[in-house]
Amino acid sequence: MDPECSQLLPALCAALADPRQPVADDTCLEKLLDWFKSVTEAGSSLLLLQDSPCLVELLFQVLKSQDLSSGVLSFSLRLAGTLAAQEDCFQYLQQGELLPRLFGEAGPLGGAAWTAPTVRSGWIQGLRSLAQHPSALRFLADCDALDTIFSLQGDPSLFVASAAGQLLGHILGLSMRDQAEGHCSPQACDWPACAQRTVSHIEESLRSTATPRVTQALNVLTTTFGHCHSPWTQVLWVRLSPLVACLLEKDPVPAAHPLVDLLLSVARSPALSSDCGLWEMLAQTLSRLSPTQAGPLALGVLKLQACPQTLRRQAFDVLLQPLACVLKAAAQDAGPPAAGLLTGPEGDAAVEGALLSSRSACVGLLCQTLAHLELLQPLPQRPSPWPQAPLLGAVVTVLRFCNGSAVPASDVGGRLCVILAGCVRVQRAALDFLGTLSAGTGSRELLPQVFAVLLDHLESPDSSPTVLKKAFQATLRWLLSAPKLPGGCDLDPHTQLFLRELLPVLQKRLCSPCWEVRDSGLEFLAQVTRRWAGQAGFRCALLASEVPELTEQLLQDPDSYVRASAVTAVGQLSSWGLRATPAGPGHPEGPQKSLLLDLLHVLSTDSEGFPRRAVMQVFTEWLRDGHAEVAEDTERFVARVLQVASRDLDWEVRAQGLELALVFLAQTLGQPGSHCPYAVAPVEAIPPGRLAQALRAFCRVQLFEFAFRALFDCDRPVARKSCDLLLFLRDKAAPYDSSQEAGGSPDVASVEAALQRWRAGEQGQPLGPLEPEAAVAVLRSLDLEGLRGTLAESSDHMEKSPQSLLQDMLASVSVLGDNEADCY
């Protein structure tokens with residue numbers, strides 16, 4: 001502990017023990033406890049107490065006070081547990097009977113303070129920290145703490161109840177730690193006392209008819225098997241598994257979700273996964289639970305690394321049954337309704353009943369099924385062969401039920417038409433899964449059906465903005481995975497036809513009165529242009545539509561998010577030569593208006609930050625890719641952009657300006673392929689002539705002034721980025737010899753004076769004309785390495801120090817004198 005903290009600690013402990021002092025809020029106490037934990041983890045707790053006896057005095061004073069706040073009392077219990085986690089310190093605290101008085105009936109447990117959940121939570125967390133060695137187990141037995149922990153499992157506070165269950169699992173693991181070293185006796189009478197009592201309590205709870213008690217026991221076992229993988233856990237499972245199996249004989253199965261968590265925890269345990277009885281129990285559970293309850297278990301089984309194949313097939317059938325029922329309920333063009341979807345018997349009366357029982361049950365089951373299959377699809381341990389085509393058919397059918405285009409084949413289908421009509425939750429889940437299926441192989445014969453259902457949702461006036469966004473995202477994923485013609489020169493006929501039908505729909509959505517819809521359409525346009533702009537079919541279809549013209553009009557949209565998306569989209573279109581061509585009586589085949597000027601206007605005048613950030617990103621891409629308007633006069637472009645960006649109040653715009661400056665710097669120095677020019681790489685010598693020309697170009701575009709000003713920016717990310725840029729530039733300019741240039745020694749005094757003013761916060765005064773010699777001289781004089789180290793520290797590193805925390809807490813009770821608090 002620092003000497004400064006040691007001096008402050010006695011006063012703080014006295015203030016904490018004084019009920020008249022409102023010392024601090026719970027956040028400060030939590031930070032103080034974290035600090036004590038770090039101190040004890042780094043050294044001896046006993047030495048800490050011997051050097052700071054005020055801590056022991058605080059714990060004794062807590063026991064004497066009747067009016068102490070629940071927050072301070074909880075903090076003291078947790079502090080005592082943290083200190084007693086080391087056995088020598090535990091023995092030291094036991095000498096004065098301090099621990100029994102804190103955690104036994106004589107302490108808060110038997111007083112009025114126990115009614116506060118904060119105190120009960122502190123008591124549990126204190127014991128959790130303390131229970132790290134055999135002496136702690138004897139202590140728990142001596143003070144009858146187990147009975148209290150058992151009762152706290154049913155505490156009205158969910159936080160307290162959960163913590164009590166986790167503590168029981170920890171105590172069981174600690175008490176059996178010695179058994180893990182050698183042979184674990186199968187006889188319960190040979191187990192440690194704490195383990196016997198805990199297991200007996202779990203057995204009693206599992207036999208209970210009260211579901212909450214069963215839930216508590218299952219949660220303790222889940223914690224135990226999840227953290228302990230020693231051989232003794234196999235003995236414990238053999239003893240308790242018959243009681244767990246008895247739960248499956250009840251109707252309905254009690255505590256189904258905790259039971260699923262337990263069985264999956266056992267199945268993942270290396271010590272238990274070889275038990276054949278476990279796989280039989282999992283199979284029985286899959287057949288006994290309701291479809292909604294069995295879904296998470298089926299997914300968990302399929303994610304296991306090692307599992308019997310028959311169980312995997314059963315689990316996959318459980319996941320697929322809801323979709324098989326939907327397929328069977330709709331009239332199909334050809335083939336059996338669920339052909340290839342199920343490996344076992346088709347359908348299930350229980351699943352059908354769950355789908356038709358209520359709208360909420362149907363929606364919940366379908367959304368869960370679609371989400372589980374979406375999670376399973378990219379996993380390497382997914383079932384093989386993967387039924388790609390049947391799943392595509394099923395999800396397309398679900399979407400048709402939602403938009404009313406499905407033809408029911410039975411009374412079940414008629415009910416599903418009513419239940420799923422316009423259901424946004426199911427549409428979102430189905431569109432997400434449909435997008436995921438685009439990564440699958442084969443099933444290209446279903447591509448027209450996929451495109452048709454996506455187009456239906458994009459066209460429908462009933463589609464909500466959320467559904468439209470999901471439909472655009474799924475459409476993009478299918479377009480990106482669409483096959484190309486041999487040679488890769490163009491899209492296949494299905495995709496080209498779909499694009500021709502899609503663009504009028506996109507055009508309509510860009511005119512939507514809902515800003516979310518316009519924004520989703522623009523995002524889709526930008527992404528699909530980035531991928532397909534080089535394909536002739538896409539270019540022809542896009543240029544034949546009004547989409548490019550509408551996109552440019554949306555630069556004036558009233559919503560800032562839409563304007564930002566429009567900037568990105570027109571930037572992409574312009575990069576690929578896909579801008580709208582002016583035509584008409586007024587300007588037949590006239591010249592296009594400069595988009596560069598339009599975007600500069602946005603950068604200079606838009607009141608919101610999102611569009612301005614988007615402009616800077618577009619400009620950076622244009623410079624990197626050699627856009628035609630930029631290439632006409634690159635230096636003039638860079639100078640204008642940096643001039644506007646330097647005055648912007650948004651730090652992200654200024655940071656993006658530095659990114660643009662980096663690209664220009666790399667290109668001018670002859671490194672156009674470098675996306676990160678200040679990355680560690682072998683130093684390449686630059687010819688003196690090129691270096692001198694480059695430095696003069698940097699001065700002309702005022703890159704030095706922009707970077708120097710950013711170096712003292714009040715926003716740390718901007719300053720760090722500028723520091724990196726200048727370090728790279730200084731290294732590249734190392735061979736530069738200013739004495740060979742005309743003009744003699746550079747006058748750097750005025751530049752350094754300006755930098756001093758900028759450092760002091762006077763950013764208004766410009767630097768003025770700057771010569772390469774002066775710029776390089778100033779660059780070499782700056783301690784950039786030291787500045788980078790300073791900037792690497794967090795902005796509140798001083799305020800986060802333990803000394804600052806102690807000072808702030810003492811200042812809140814006026815223990816410090818004037819100006820001694822580190823209040824920030």
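A residue counts as buried when its relative accessible area is under 20%. Keep in mind that this is a predicted model.

**Exercise 1.** Work out the overall make-up of the protein chain: how many helices and strands, and what percentage of residues is buried?

Solution. Start with the secondary structure: the chain has 43 helices and 0 strands. Next, take burial: 53% of the 824 residues count as buried. Finally, check the contacts with a separation of 6 or more: 71% of them link residues 24 or more positions apart.

**Exercise 2.** Find which residues touch the most other members of the largest nonpolar core.

Solution. The core has 281 residues, and Trp-123 and Phe-619 come out on top. Helix α19 (residues 309–329) supplies the largest share of this core, with 11 residues. Now zoom in on Trp-123: beyond four places in sequence, its contacts include Leu-77, Leu-102, Phe-103, Trp-114 and Ile-149.

**Exercise 3.** Explain why the buried residues of α32 line one face of the helix.

Solution. First list them: in α32 (residues 595–605), Leu-595, Leu-596, Leu-599, Leu-600, Val-602 and Leu-603 are buried. Down the axis of α32 they fall within an arc of 155 degrees, so they line one face. Now see what covers them: α31, α33, α34, α35 and α36 are among the covering elements. Last, inspect the start of α32, where a side-chain oxygen of Ser-594 comes to within 3.4 Å of the backbone nitrogen of Leu-596.

Definitions and conventions
Residues are numbered from 1 along each chain as its sequence is written. This is a predicted model: local features need pLDDT of at least 70, side-chain atom pairs count only at pLDDT 80 or more; totals for chains, interfaces and linings use all residues. Side-chain values use heavy atoms; hydrogens and water are left out. A nonpolar core is a set of buried Ala, Val, Leu, Ile, Met, Phe, Trp, Tyr and Cys residues joined through side-chain atoms within 4.5 Å. Buried means under 20% relative accessible area, exposed over 50%, partly exposed in between (1.4 Å probe, protein chains only). Helices (H or I, at least four residues) and strands (E, at least two) are DSSP runs, numbered from the N terminus. Contact means heavy atoms within 4.5 Å. The arc is that of the directions from the helix axis to the C-beta atoms. A polar contact is a pair of N or O atoms within 3.5 Å; within protein, one must be able to donate a hydrogen and the other to accept it, and residues adjacent in sequence count only if both atoms are side-chain atoms.
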